[in-house]
Amino acid sequence: MADMHGLIDTLQFVFAPQIVNGLSIGVAVILMALGLTIIFGLLDVINMAHGEFYALGAYLAVSLLAAGVNFWVCLVAVPVLMLPVGYVVERALIQRVFDRKDRHVLTLLLTFGLGVVLEDAFRVVYGPNTVRVDTPIGGAAQILGMYFPNYRLFVMAVGAAIVAAVWIVVFRTSMGAIVRAAAYDRQMASSLGVPVARVYSATFAFGIGLAGLAGVLLAPIYSVFPTMGKDFILLAFTVVIVGGLGSIKGAVIAGIVLMQIQALASLYISPVWTDPLLFGVMVLVLMWRPRGLFGALGNG
Amino acid sequence: MADAGSVIEAVRRSEDSRRRSLSAFALAFVAFGVAFAAIAAARGEVFFLRLATEALIFGGLALSADILLGYAGMLSLGQALFFGLGAYVSALVLKNVLPSFWLAMLVTLLVTTLIGLIAAVIATRARGVYFALITFGLAQVVAKVVFNTPSLGASDGIIGVPVIAIDLGVGQVTAASPAAFFLFCLAFIMALYCLCAYLARTPGGRVLAAIRSNEDRVPFLGYPVTRARMLAFVLAADVAALSGALYPVLRGFVSPELLYFEVSGNAIITVIIGGMGTLIGPLYGSALIVVLKSVIGSYTAHHLIVIGSLFVLAVIFFPQGLIGAVRPSLERRFALRAAPLRR
């Protein structure tokens, strides 16, 4: 009987907080991974600047908050502001090398260069130091005898809603059908009257908007600094690769599973070794399935 | 129909003129280096000689990135892993075992070949962007582990590497003399360059070039793709590590920053700006970037904005880089000299 109590206590006070922790980080990583995977699924572009766009979203929120804008308005305004940024980047940079032979490498290099410039630009504009953003929802809720910060619960709820919304847009609307058609067969979609070039730019902008949204949402939790994107991008890439580049379902499932592995493993091993652990999982998955767990966006 | 003989002849001639123009660039690089060392030594410069030595060392890293990107078509975003590995191994040997340069190089070579083989098994299975992302991840993971390992000095790295004298058989070069050590590094890096340029002309090197232009066709011709990619990966790892092994000799310390993505990224920027697929281009690129950094650095601390923008422009407008922009006219001249126009 005492053992039973011990087990329940362990579950409740040791595992449950870690699981919730893993879920809240998982939501953040999934939001990043969604943008990455959608951009890759359609354009075949690995966006190395995705972490910097995430940081840009957070910094835009910092600026708007400083100007006296309400946090809830920021949550909508920042992704909207990011859309034209993404559109212009796709038009001005990516389209220029899109028809060359080794466009995979060239677009990766372009977005990498863009990331370098953006990161330094953050230092110029906002300084090198960490900026804190106040939590818009204070307090904590008591669930099953444990306390959870309200804002984290809110982020999880919003994240789940966004994932659902993205899924509905991509798989259940005509707009999504157009995007999937363009990803599946560019020429065919084009000859059926789909403005493929504009679909590409809009999709890129959409992915950037998601990164910006993640930046605003997470700013109160992780605070804002120039290299904030870099710390995150490896996790996001790992999730996307394990899930399968271009797969939305894969990004969500891999995001949840990998972040749970990380959260639970950190109970037993030093946090330093959780990164190699996740990386090892990724390598194993790639050996077993070289294209990740699930198929690409176009084939969804 | 052109007969096979004349096609082979034309290919050989174009390869000859390409090789000769690249050798001219290499000779010019050595000449610039020697002239620079002479002027700087005569004026008693220390700072600029040290800076130029560092440019050479990072040039060696860029050279290794070019072996993969320019010859095998593999974009590695983690060359800093091997550069840092070389720096750490060499620092540990020099500090804890024996202050002998050649022993440090030998141990670096052995350790890197072993670890490079393991990494090659993991990374070269993947193609294209997967390869890029795996090398990126591999380097990030190792950097994080080193940063948190107290026995490797954690975030401080390894300090207090002794100043050594390098035994050359006929005499000694001391790392304390800026000009002599610069010239030694020039010779060392150029030896690595010559080795790579030679290997690129061997049958194995040609298989790599074939893989780069059409990977699917090569196995049908009976060449082992995976083995060639692995060998290229290990060679690049060794070149990066041997360059990195010079770092503690120059600076007297190593730090985990050497393993960071900035270093890998910088190597790729250097390759693109200098000229990918030329091997000598990255060395020019490294020199150019160090000059740019110190010129821009005298105005602002934010040189990355300028260099990043330059890189983006180079990718769009000059994918052949500095060497590629100059080479065609030089090649035409060589072709004319080799074979005066016959009608």
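1. A definition to start with: angles under 35 degrees count as roughly parallel, over 145 as roughly antiparallel, 65 to 115 as roughly perpendicular and the rest as oblique. Axes here are lines fitted to C-alpha atoms, for helices over the stretch in contact, and angles run from 0 to 180 degrees between N-to-C directions. Helices (H or I, at least four residues) and strands (E, at least two) are DSSP runs, numbered from the N terminus.

2. Please keep in mind that this is a predicted model, in which local features need pLDDT of at least 70, side-chain atom pairs count only at pLDDT 80 or more, and totals for chains, interfaces and linings use all residues. Residues are numbered from 1 along each chain as its sequence is written, while chains are lettered from A and ligands numbered from 1 in the order in which they are written.

3. On confidence, pLDDT is the predictor's own score for each residue, from 0 to 100. Chain A has a mean pLDDT of 86, with 97% of its residues at 70 or more; for chain B the mean is 87, and 97% of its residues reach 70 or more. Within chain A, the element with the highest mean is H2(A) (93), and the one with the lowest is E1(A) (76). For the complex, the predictor gives an ipTM of 0.85 and a pTM of 0.87.

4. Now to H2(A) (residues 50–66), which packs against H3(A) with the axes 9 Å apart and an angle of about 135°. The two helices are therefore oblique to each other. The crossing is right-handed (left-handed if the near helix is turned anticlockwise from the far one by less than a right angle, right-handed if clockwise). Residues of H2(A) including A:Phe53, A:Gly57 and A:Leu60 meet residues of H3(A) including A:Phe71, A:Cys74 and A:Leu81, where contact requires C-beta atoms, placed from the backbone, to lie within 7 Å. By class, this contact has 11 nonpolar, 1 polar and no charged residues; Ala, Val, Leu, Ile, Met, Phe, Trp, Tyr, Cys and Pro count as nonpolar, Asp, Glu, Lys and Arg as charged, and the others, Gly among them, as polar.

5. Strands E1(A) (140–143) and E2(A) (146–149) pair in the antiparallel sense over 4 bridges (pairing needs at least two bridges found by DSSP). A:Ala140 has A:Pro149 of E2(A) as its bridge partner. There are 2 residues between the strands, and A:Leu144 takes a positive phi near 50° in this hairpin.

6. In chain B, H8(B) (residues 225–251) and H6(B) (residues 178–201) have axes that come within 11 Å and cross at roughly 180°. That makes H6(B) roughly antiparallel to H8(B). Among the residues making the contact are B:Phe181, B:Phe188 and B:Leu192 of H6(B) and B:Leu235, B:Val239 and B:Leu246 of H8(B). The contact divides into 12 nonpolar, 1 polar and no charged residues.

7. H8(B) also packs on H2(B) (residues 47–71), at about 170° with axes 9 Å apart; the pair is therefore roughly antiparallel. This contact includes B:Arg50, B:Glu54 and B:Ile57 from H2(B), and B:Leu235, B:Val239 and B:Leu246 from H8(B). Its classes are 15 nonpolar, 5 polar and 2 charged.

8. Finally, the interface: 32 residues of chain A are in contact with 27 residues of chain B. On the chain A side, the elements giving two or more residues are H3(A) (71–97), H4(A) (103–126), H9(A) (228–243) and H11(A) (274–288). The largest share, 15 residues, comes from H4(A). That side of chain A divides into 25 nonpolar, 3 polar and 4 charged residues.

Note on methods. Two residues are in contact if their C-beta atoms, placed from the backbone, lie within 7 Å.
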